[in-house]
Amino acid sequence: MQQPSYIGDRIRWQYVSKYLPQSTTNGLLGDLGAGQAEYKELVEFKGYIYAGYDLKPNPLKPEIRFADVCDLNNIKENTFDAVLFIDVLEHIKEDKKALEEIYRILKPDGNLVLHTPNKNQKHIL
């Protein structure tokens with residue numbers, strides 16, 4: 001499995017790799033704000049079944065379905081063993097509503113891997 005070449009993508013990929021625990025039960029993972037399904041291969045390597053969701057799903061990526069993270073009524077509660085929410089929160093006006101929806105669709109003891117930029121962070125290369 002090859003990491004992305006662009007440094008920003010590589011940093012996020014390493015973050016997901018580090019904080020997403022291995023699934024021992026072929027758990028279901030929801031990637032909210034999935035974009036181009038950048039983490040699909042990594043998620044499957046970690047033992048999860050991948051389900052991607054985005055406001056603007058790519059017709060060339062059938063594994064990505066439409067979803068608004070502030071209104072996930074089409075997803076039953078306690079559905080996912082894990083949720084990825086990578087660089088999405090900063091784009092949402094109703095961030096509290098989005099987090100409530102994530103809590104609702106996560107199984108008890110499920111894992112949320114959330115990443116958001118920090119403009120004050122100093123990067124040392």
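Tutor: Let us start with pairing: two strands pair if DSSP finds at least two bridges between them. Helices (H or I, at least four residues) and strands (E, at least two) are DSSP runs, numbered from the N terminus. Please keep in mind that this is a predicted model, in which local features need pLDDT of at least 70 and side-chain atom pairs count only at pLDDT 80 or more, while totals for chains, interfaces and linings use all residues. Residues are numbered from 1 along each chain as its sequence is written, and side-chain values use heavy atoms, with hydrogens and water left out.

Student: OK, how many bridges join strand 1 to strand 2?

Tutor: There are five bridges between strand 1 and strand 2, and the two strands run parallel.

Student: Changing topic: which residues of helix 3 are buried?

Tutor: Helix 3 covers residues 95-105, and its buried residues are Ala-98, Glu-101, Ile-102 and Ile-105. These four lie on the same side of helix 3, because they cover an arc of only 100° around the axis; the arc is that of the directions from the helix axis to the C-beta atoms.

Student: What about the face turned away from the buried side?

Tutor: That face of helix 3 carries Lys-96 and Tyr-103, which are exposed.

Student: What do the buried residues of helix 3 pack against?

Tutor: They pack against three strands, namely strand 1 (28-32), strand 4 (80-86) and strand 5 (106-115).

Student: Let me zoom in on Ile-105, then: which residues is it in contact with?

Tutor: Ile-105, which belongs to helix 3, counts as buried because its relative accessibility is 0%. Contact means heavy atoms within 4.5 Å, and if we leave aside the neighbours within four places in sequence, the contacts of Ile-105 include Leu-32, Leu-72, Ile-75, Phe-80 and Val-83. Lys-76, Glu-77, Asn-78 and Thr-79 are also among the residues that Ile-105 contacts. If you compare positions, Ile-105 and Asn-74 are 31 residues apart in sequence, and their C-alpha atoms are 10 Å apart in space.

Student: How about Leu-99, what does it touch?

Tutor: Leu-99 also sits in helix 3, and with a relative accessible area of 34% it is partly exposed. Not counting residues up to four places away in sequence, Leu-99 touches Leu-89 and Leu-114. The C-alpha atom of Leu-99 is separated by 15 Å from that of Thr-79, which is 20 residues away along the chain.

Student: New topic, phi: what is the value for Asn-26?

Tutor: The phi of Asn-26 is near 55°, a positive value in a residue other than glycine. You will find Asn-26 in the loop between helix 1 and strand 1, where it is exposed, with a relative accessible area of 53%.

Student: And Asp-87, what is its phi?

Tutor: Asp-87 has a positive phi of about 55°, although it is not a glycine. Asp-87 lies in the loop between strand 4 and helix 3.

Student: Buried or exposed, that Asp-87?

Tutor: Asp-87 counts as buried, because its relative accessibility is 18%.

Conventions. Buried < 20%, exposed > 50% of the residue type's maximum accessible area, 1.4 Å probe, protein only.
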